[in-house]
Structure formats: C-alpha cells, structure tokens
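Student: Hey, could we go through this model together? I'd like to jump around a bit.

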Amino acid sequence: MTVRVERTEVAIIGAGPAGLVLAHLLARAGIDCVVLEDCSREHVESRVRAGVLEFPTVELLRELGLADRLDREAMTHRGVEFAFAGQRRRIDFEALTGKYITVYGQQEVVKDLIAAWLDRGGALHFEVADVTVRDADGTAPSVTYRAGGRSHRLDAAIVAGCDGFHGVSRASIPAGALEVADRVYPFAWLGILAEAPPTTEELIYSNHERGFALYSMRSPRVTRLYLQVTPDDAVENWPENRIWDELATRLPTGAGFDLRQGPILETAITTMRGFVASPMRHGRLFLAGDAAHIVPPTGAKGLNLAVADVVVLADAVERFLRHHDPAGLDGYSAVCLRRVWRIQRFAAWMTAMLHRFDGDDRFDRQLQLAELEQVTTSVAAATALAENYVGLPFERR
Ligand code: APR
Ligand code: PHB
C-alpha cells in the first residue's frame, strides 16, 4: 500500500489542552500545523479531568477569542477556603493579588478549542493509529501514522509532543537522552462528579485526621468532590453511601457548610505523582504538558502548566520559522522547566500541608496545622499561596 505523504510546518501529536492551545497560537502566527489525535472526538471531549483555570490561562483564551462560552458559563472564584482543626479560613485571591481563578471543566475547554479549530478549517485527525515520530534528531522530522485504512507520513519542520503522560513522544526519545525526576505519593484521590448543587461559593480544601478531602464544583448543578484514599484502593470499595459518609466526616459540615448529596455521575481514582522529564526537547521534537511533566492535582495546575509550555513553544517556533532565529527553541526547555519546578514545589507543598502521611506522628500533625494557621493568618504567607494558585505570569517576549 503506498504511503500518503503530507507536509506541514508543525506536526502536533495530541488534541488535549497542550496540543489544541498550541495549534491556535501557531495559527494566529500564520504557521501551518496539523493535529493528530488517537482517540475519537467524543472520547476526548468527555474525559472528566480538572476544572480550575488560572488567571493567565483565561486571559490567553480570551486573547485568542476562545472564551465566549467560558465567559457565559464558567464560575469566577475570588478566593478559596481551608478547613482544619474544626475551623474554616478563607484566602482572598483578589484582595491579595488582584486576580482570580475560573472554574470550568477541562473537557469544556477542550470542546471549545476543538470546535473553534474545526470552524477555522484547522487540520485535526481523530482516531489515528500507530503514530511514530521519525528523524527527530535531524532537520527533517516526520510523523507516520495510520488512518482511514492508509499509511501516512506527515513531514514537518517541528514535531510537538503534546500526547500526555502515556503518549509516544517522550517514549520516542532515547532513554539516555532524558533525565527523569519522579515522586509517587503514598496515597491517591477518589474523585466523584455528583448531580448536586454546590452549597458554597468557593472550593474547600480540608485537612482532616482521617485524610484529605476537597469540595469543588463544575456548575450551579454539579459538584466535584475528592477523598484521599490508599494508592491501591479501588472504586469497588467505595459504594455511594460510604463516599458520602466519609465526605461528611472530613468536610466542615456543621460549620455553616451543608454537603448536598445527589446522583453520582462518575467515580474514579487518580494516582498522585510528581514527574519531570528533562530536557523537554530532543532535536526537532519538543515535549509540552503532561508528555513532559505530571504534577499532583493539589495545586490544580496540570492544564495550566500545559498551556504555559505551549505559550513558550509557539513563540520559539515562530522565531525559528519566520525569523530564522533558533534562540527560542534552544531556550525552550530551560524556560519551561523553571516554571515546571516552581509549580512542582507549590503542588508538593500543598500536598504535604493537606494530606495524612502514613507514619505521621503527633509532631508532624502539629506542624501541618501550624502551616495552615500560618498561611491563613499571615498576609505574606497567604499572598505567596495566592500568587501561585491564581497563576504565575507566562514567560513571553
Ligand atoms: N497519538 C496521538 N494522540 C495521542 C497519543 C498518540 N500516540 N497518545 C495520547 N494521545 C492524545 C490523548 O488521547 C490526549 O487527547 O494526546 C492527548 C494528551 O492530552 P492530555 O493527556 O490532556 O495532556 P495535555 O494536553 O498535556 O494536558 C494536560 O490534561 O490529563 C490532563 O491532568 C492533565 O490537566 C492536565 C492536562
Ligand atoms: C477540580 O475541581 O477538579 C479540582 C480543583 C482543585 C484541585 C484539583 C481539582 O486542586
């Protein structure tokens, strides 16, 4: 069977937040790109993931003209609550930083980005198979794949690996060419989506002696809730009544907080991991988002970090392809990793402050409570948390 040869400037592997935002940024710069996605559109648009968008992320989506539905339907949160030792304390993002966060499901962002991309005639192939990165260490890379019963070769100047943690991009880099820093936490999160109206305006992170719990939301009708569980736990161990009972125990019910129950639409267990592969480049292959790094969800950073990577990558690619200046590409990994490690630090700090660790003794517990006391009473400490939570400014020229 003959191979169908196509050509573009940037081949993007993956239609998640990283790949889709990159496509829109490149299109705005007049750079031709093709997105290759191995799942169906329906699957990509239905995956329930995180739901907190940082201030810079929303500003970028607005700048790209991709935030119309978000501005109609999303929820603006100007602060966040911490519950511990029988009390609730609020940190006021807007008062401390002048910024806020936006609650809007990642799958909603992905739906909007795909719709806008297809509306503008963008090239996006779903359900491709056998995606393989070739000749990344040369000057004429390509991506081969199968689709529609045919073999394809997509020749490009640049390949963007936006295919997530389990994708092929990072795996295509010779092992000796990458350094990996990896931390698997000794617990996981059981997350549910419930058809139950939120009863608070903002998120509540709860440090409880039985373990962490998080009260979040997706809309005026849907709440998103999480419980710390053991890493080897299973959804089967958590019938609905047990989930609601444990949430009611760990969340500050009774302190003016009413945990409204409702039909559970989805239950899933997420591992807690910090992972960074460096450099985020191999020749003409550039890794972005979860393809390069994973952060524990305690800081609500995954999507936002993916967006921050591609803001840097899009600028670097434009400098290279339009101005023949390789400096942006040469500096891409270092610039991204500076932010990645600042976010890893923040997510690790939030995780350490809020979760129960096996082997914690009374001293450890008191230190955790003292950290929460400090961060909810000291303006300096609260500002440091707020700056990280609402989002550090993007690295832009
Ligand atoms: N070929 C093509 N597409 C692939 C391949 C492959 N071999 N492997 C994975 N993909 C697709 C996935 O189906 C997914 O749509 O790449 C996309 C990667 O998207 P994400 O995993 O969402 O990663 P990213 O865009 O970096 O966004 C990070 O997503 O998973 C969350 O918690 C994560 O919030 C973070 C955000
Ligand atoms: C969510 O709403 O899914 C969410 C919010 C905050 C987090 C993690 C997840 O830290």
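Student: Where does Arg365 sit?
Tutor: In helix H10, which spans residues 362-375. Helices here are DSSP H or I runs of at least four residues and strands are E runs of at least two, numbered from the N terminus. This is a predicted model, so local features need pLDDT of at least 70 and side-chain atom pairs count only at pLDDT 80 or more, while totals for chains, interfaces and linings use all residues. Residues are numbered from 1 along each chain as its sequence is written, chains are lettered from A and ligands numbered from 1 in the order in which they are written, and side-chain values use heavy atoms, with hydrogens and water left out.

Student: Is Arg365 buried or exposed?
Tutor: Arg365 has a relative accessible area of 14%, so it counts as buried. Buried means under 20%, exposed over 50% and partly exposed in between, with a 1.4 Å probe and protein chains only.

Student: Switching to ligand 1: which residues are closest to it?
Tutor: Glu37, Arg47, Arg49, Gln106 and Asp290 are the closest of the 24 residues that surround ligand 1. A residue is counted if one of its heavy atoms lies within 4 Å.

Student: Which polar atoms of Arg47 and Asp290 face ligand 1, side chain or backbone?
Tutor: For Arg47 a polar side-chain atom lies 2.7 Å from an oxygen atom of ligand 1. For Asp290 a polar backbone atom is 2.8 Å from an oxygen atom of the ligand. There is also a nitrogen atom of ligand 1 at 3.2 Å from a polar backbone atom of Asp38. The protein buries 88% of the 700 Å² that ligand 1 exposes when taken alone. Those areas come from the Shrake-Rupley method with a 1.4 Å probe.

Student: Which elements build the shell around ligand 1?
Tutor: Helix H1 (17-28) and H8 give two or more residues each, and H8 gives the most, with three. By class the shell has 11 nonpolar, seven polar and six charged residues. Nonpolar covers Ala, Val, Leu, Ile, Met, Phe, Trp, Tyr, Cys and Pro, charged covers Asp, Glu, Lys and Arg, and the others, Gly among them, are polar.

Student: Okay, what about ligand 2, which residues come nearest?
Tutor: Of the 15 residues around ligand 2, the nearest are Tyr205, Ser216, Arg218, Tyr226 and Pro297. A polar side-chain atom of Tyr226 is 2.6 Å from an oxygen atom of ligand 2, and a polar backbone atom of Pro297 is 2.7 Å from an oxygen atom of that ligand. A backbone N or O atom of Ala300 is 3.5 Å from an oxygen atom of ligand 2. Of the 280 Å² that ligand 2 exposes when taken alone, the protein buries 99%.

Student: What gives the largest share of the shell around ligand 2?
Tutor: Strand E16 does, with three residues. E16 (213-219) and strand E17 (222-229) each supply at least two residues to this shell. The shell divides into 10 nonpolar, three polar and two charged residues.

Student: Which residues line the largest cavity?
Tutor: Ala308, Asp309, Val312, Val335, Cys336, Arg339, Phe394 and Glu395. Helices H8 (302-323) and H9 (327-354) each supply at least two of the lining residues. The lining has five nonpolar, no polar and three charged residues.

Student: Last one: what does the side chain of Thr8 contact?
Tutor: Thr8 is in the loop between strands E1 (3-7) and E2 (10-13), and its side chain makes a polar contact with the side chain of Asp32 at 2.6 Å. A polar contact is a pair of N or O atoms within 3.5 Å; within protein, one must be able to donate a hydrogen and the other to accept it, and residues adjacent in sequence count only if both atoms are side-chain atoms. The Thr8 side chain also reaches the backbone nitrogen of Cys33 at 3.3 Å. At 3% relative accessibility, Thr8 is buried.

Technical notes
On a 1 Å grid over the protein atoms alone, a cavity is a set of points where a 1.4 Å probe fits but cannot get out, and a pocket is an open set with protein on both sides within 12 Å along at least five of seven lines; lining residues have an atom within 4 Å of a point.
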